[in-house]
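Trainee: I have just opened this structure and would appreciate a guided look. Could we go through it together?

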Amino acid sequence: MRAPRPPGRHRRAGEAPQVTYREVIAVGEFRSLWYAQGLSLLGDQLAQVALAVLVFDRTGSALATAAVYALTYLPSIVGGPLLAGLADRFARRGVMLACDLVRAALVGVMAVPGMPFWSLCALVFLVVLLGAPFSAARAALLPEVLEGDAYVLGSALQNMTNQAVQMLGFAAGGALIATMGPHRALALDAATFLGSALILISGVRRRPAAHQHGGKLSMWSMTASGARLVFGSRHLRTLVLFAWLCGFYILPEGIAAPYAARLATDGLPVPVITGLLMAAMPAGTVVGAFLYSRFVSPPRRLRLMGWMAVLSCAPLIVTALRPPLAVVLAAWVLSGVGGAYQLAANAAFVQYVPAERRAQAFGLVQSGLMAVQGIGILVGGFAAERLGPEPVVALAGAAGVIGAAVLSLMWTEARDKSAQVGAEATA
C-alpha cells in the first residue's frame, strides 16, 4: 500500500480531486491548527455561558443579558479591519502565538477574585479584540496547508469541531459553572490559550510574511486596500453578504436565557434550558456540515448555497406559534443544518482572493460578521423586552428568508454572467 500524499497536491490539471477526511486529518499542520482552535474555543464557551446566566440571574433583563453577550462580538468591528492586516505583514504563525500568549495573560488577570466589573468588561474587550488577528491569520494559513477540495473538507471539519465544542460548552456549561465557580472557569480559559500556543509552536512550521514589499503600509492603507478588494468585486460582495446573513439566525442565541424563562418547568430549570437552546444550532451545523461537505459535490454545493441559506432562517418562523421546548429545539437544530451553506461561500471566497491579501480580506469579513451578530443580538434583546422572545425570533427568521432569497438571485445572476464571459473568451 502506498503512503498517503497530502490532499490536493500533485494532481493532473483538470482532474477532480477525490479527497477524504482521512487524508485531511493525515496532514500534521492541519491537525495542529484544528486542535489549537478547538481547545481555546472550549474555554471561551464556558465563560460565555457563565456570563449569560449570571447576568440574567442578577438583572432579570433580556436587554442586559443580550448587551453582555454582544460584548463578545463588538470588539471585532474594530479589530477586524485594523488588526487583521498584521497577519499579512508579519508571519502568520507568529501573529497567532502572540495573540494566544497575550490573551492568556489578560484572562488570567480576569480570574483574580475581586476584580471590578468595569475592569472585567475592559479585559473582555481586549481579549476579543485580539481574536481578530488570530482568526484572520488562521483563516489565511489554512489554504496554504490544504489545497483544492481538501480545503473545503478541512474547513468543514473545523466548522463541525467548533460547533461540537460550542454545543458541549453550552450544554454542560451551566452545570460546570455551578460546580467550579466563575473564577476557576476563567482560569481554565486562560490555560486553554496557553495550550493552544504550545500546539502551534510544536505543530505548525514557520513561514515568511505573505506580503513582501519594499515600503511599509499603514494600517489604514491596508484596510482601505482590503475594502476595495472585497467590495469592488460583485462575486465577493455577494459572498460576503451570504456570510453576514448569519446575523438573523444567530440572534436567538443572544436571547436564549429569557426564552428559556418562558419554557422553564419544575423538571428543567432555566440554566439547563438555556444551555439546550444555545446548543441546538451548533448541533444542527455539525450534521449539516458533515453531510454537505461529504456527500455533495463542489459544483452542486454552490448551486445549493441559496436554498441552504433559506433553510438556515425559515425554521425560526415557527416560534411565532409559541410551540413547546421540543419543537423549538427541533426548529433551531434544522436552522443549524441550513447554516452549513457557509462552507460553500467560504471556499468560493478563498478562490477569488489573492493569497498575499487573504488575512486582510478575511479580517474585514469577520469584522462585519461580528458586527451584524452583535447588533442583531442587541436589537433582539431590545425587542424581546417589549414583544417577548418568541415573536422576535420569528421576525428574525422571516427577515432572513427574504434576505437569503434576494442573495440567491444575485449569486445566480453573477455566476451566469461569469460563465457567459468565460464562454465568450474561450470562443
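Predicted model: local features only at pLDDT ≥ 70, side-chain atom pairs only at ≥ 80, totals over all residues.

Trainee: Understood. Which residues touch the most other members of the largest nonpolar core?

Mentor: They are F30, L146, L277, M305, W332 and F349, in a core that has 90 residues. Helix 7, residues 117-145, contributes the largest share of this core, with eight residues.

Trainee: And what does L277 touch, leaving out residues up to four places away in sequence?

Mentor: Its contacts are A256, Y259, A260, L325, V328, L329 and W332.

Trainee: Let us turn to helix 12. Why is it described as largely enclosed by the rest of the structure?

Mentor: Helix 12 covers residues 246-254, and eight of its nine residues are buried, so the rest of the structure largely encloses it.

Trainee: Which residues of helix 12 are the buried ones?

Mentor: The buried residues are C246, G247, Y249, I250, L251, P252, E253 and G254.

Trainee: Moving to the surface, which residues form the nonpolar patch there?

Mentor: The patch is formed by L241, I402, V406 and M410, and together they have about 330 Å² of accessible area. Helix 19, residues 389-426, gives the most to the patch, with three residues.

Trainee: Where is L241, then?

Mentor: L241 is found in helix 11, which covers residues 234-244. Its relative accessibility is 35%, so L241 counts as partly exposed.

Trainee: I also noticed Y35. Where does it lie?

Mentor: Y35 belongs to helix 2, residues 28-59. Because its relative accessibility is 44%, Y35 counts as partly exposed.

Trainee: How many residues apart in sequence are Y35 and I199?

Mentor: They are 164 residues apart in sequence, and their C-alpha atoms are 7.5 Å apart in space.

Trainee: One last topic: what is the phi of R322?

Mentor: R322 has a positive phi of about 55 degrees, although it is not a glycine.

Trainee: And where does R322 lie?

Mentor: R322 is in the loop between helix 15 (298-313) and helix 16 (325-338). With a relative accessible area of 47%, R322 is partly exposed.

Methods. Residues numbered from 1 in each chain as written. Heavy atoms only, no water. Buried < 20%, exposed > 50% of the residue type's maximum accessible area, 1.4 Å probe, protein only. Helix = DSSP H or I, 4+ residues; strand = E, 2+ residues; numbered from the N terminus. Patch = residues over 30% accessible without salt bridge, like charges linked within 9 Å, V, L, I, M, F, W, Y side chains within 5 Å. Areas by Shrake-Rupley, 256 points an atom, 1.4 Å probe, with all protein chains shown as cover. Salt bridge = Lys/Arg side-chain N within 4 Å of Asp/Glu carboxyl O. Core = buried A, V, L, I, M, F, W, Y, C linked by side-chain atoms within 4.5 Å. Contact = heavy atoms within 4.5 Å.
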